[in-house]
Amino acid sequence: MAGTAETPANTTIFGRILRGEIPCDQVYADEQCLAFRDVAPQAPVHILVIPREHVVNLAEAEQQHEQLLGHLLLVAAKVARQEGLEAFRTVINSGAEAGQTVFHLHVHVIGGRPLAWPPG
Ligand code: AMP
């Protein structure tokens, strides 16, 4: 499901952040996306990159989102560079069973400590 950018229909916490209803610790913004620090960081650097358009998750993304998805990954690399990370992990949880808790697509950028593999 794709929604209109920043509309009240996006009742998720990230929709509220995009509308300026609640604050965030912003590290990057452009016309397509916003990046801010995760409120419960799992590593010294933990940033979320979210599209302004309300896309529920990767499973719900459509062909029309091809450019946007590429942009989110390039911004993820940009903010990692901005944070001085030489190594980092990107994670996109899609669906509750995969750990998704906020149903507005987001890319986690995690780094600043050694990261184990495989993840839990
Ligand atoms: P996920 O579990 O993949 O859906 O990730 C959602 C992430 O959003 C979690 O890591 C939360 O800590 C983070 N989060 C929830 N609310 C906020 C908020 N208000 N500001 C920043 N990060 C948040």
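This is a short tour of one protein chain, stop by stop, for use with the viewer open.

**Stop 1: the whole chain**

Show everything as a cartoon. The model is predicted. Look for two helices and five strands.

Along its principal axes, the trace spans about 40 × 30 × 25 Å. How does the radius of gyration compare with that of a compact globule? For 120 residues, a compact globule would have a value near 14 Å, and this protein has 14 Å, so the two agree.

**Stop 2: surface and charges**

The accessible area is about 6700 Å². Carbon and sulfur atoms account for 55% of that area. Buried residues make up 42% of the 120 residues.

Next, colour by charge. There are 8 positive and 13 negative charges. Their mean positions lie 7 Å apart.

**Stop 3: the largest nonpolar core**

Hide the surface and select Tyr28, Ala35, Ile47, Val49, Leu72, Val79 and Val109. These residues touch the most other members of the largest nonpolar core, which has 18 residues. Strand 1 (26-29), strand 2 (33-37), strand 3 (45-51), helix 2 (66-82) and strand 5 (107-111) each supply at least two core residues. Which element gives the most? Helix 2 does, with six residues.

Nonpolar side chains tend to be buried together in soluble globular proteins.

Leaving aside neighbours within four places in sequence, Leu72 is in contact with Cys33, Val49, Ile50, Pro51, Leu105 and Val107. Then look for a second, separate core, made of eight residues. Its members include Phe14, Ile17, Phe36 and Leu48.

**Stop 4: Tyr28**

Select Tyr28, in strand 1. Is Tyr28 buried or exposed? Its relative accessible area is 16%, under the 20% cut-off, so Tyr28 counts as buried. Beyond neighbours within four places in sequence, Tyr28 is in contact with Cys33, Leu34, Ala35, Val75, Lys78, Val79 and Gln82.

Draw a line from Tyr28 to Ala76. They are 48 residues apart along the chain, and their C-alpha atoms are separated by 9.8 Å. For the whole protein, take the contacts between residues at least 6 apart in sequence: 56% of them join residues at least 24 apart.

**Stop 5: Gln32**

Move along to Gln32, in the loop between strand 1 and strand 2. Gln32 is buried, with a relative accessible area of 18%. Show what surrounds this residue. Setting aside neighbours within four places in sequence, Gln32 is in contact with Ile50, Pro51, Arg52, Gln67, Leu68 and His71.

Now find Gly112. Gln32 and Gly112 are 80 residues apart in sequence and 26 Å apart in space, C-alpha to C-alpha.

**Stop 6: the segment after strand 5**

Select Leu115, in the segment after strand 5. At 27% relative accessibility, Leu115 counts as partly exposed. Apart from neighbours within four places in sequence, Leu115 is in contact with Arg89 and Ile110. Compare Leu115 with Phe88. They are 27 residues apart in sequence and 8.3 Å apart in space, C-alpha to C-alpha.

Finish at Pro118, also in the segment after strand 5. What kind of peptide bond joins Trp117 and Pro118? The bond is cis, with omega about 5°. Most peptide bonds are trans.

How values were computed: Residues are numbered from 1 along each chain as its sequence is written. This is a predicted model: local features need pLDDT of at least 70, side-chain atom pairs count only at pLDDT 80 or more; totals for chains, interfaces and linings use all residues. Side-chain values use heavy atoms; hydrogens and water are left out. Helices (H or I, at least four residues) and strands (E, at least two) are DSSP runs, numbered from the N terminus. The radius of gyration is taken over C-alpha atoms; the globule rule is 2.2 Å times the number of residues to the power 0.38. Buried means under 20% relative accessible area, exposed over 50%, partly exposed in between (1.4 Å probe, protein chains only). Contact means heavy atoms within 4.5 Å. Accessible areas come from the Shrake-Rupley method with a 1.4 Å probe; for residues, only the protein chains shown count as cover. Lys and Arg count as positive and Asp and Glu as negative; His and the chain ends are not counted. The place of a charge is taken as NZ of Lys, CZ of Arg, CG of Asp or CD of Glu. A nonpolar core is a set of buried Ala, Val, Leu, Ile, Met, Phe, Trp, Tyr and Cys residues joined through side-chain atoms within 4.5 Å.
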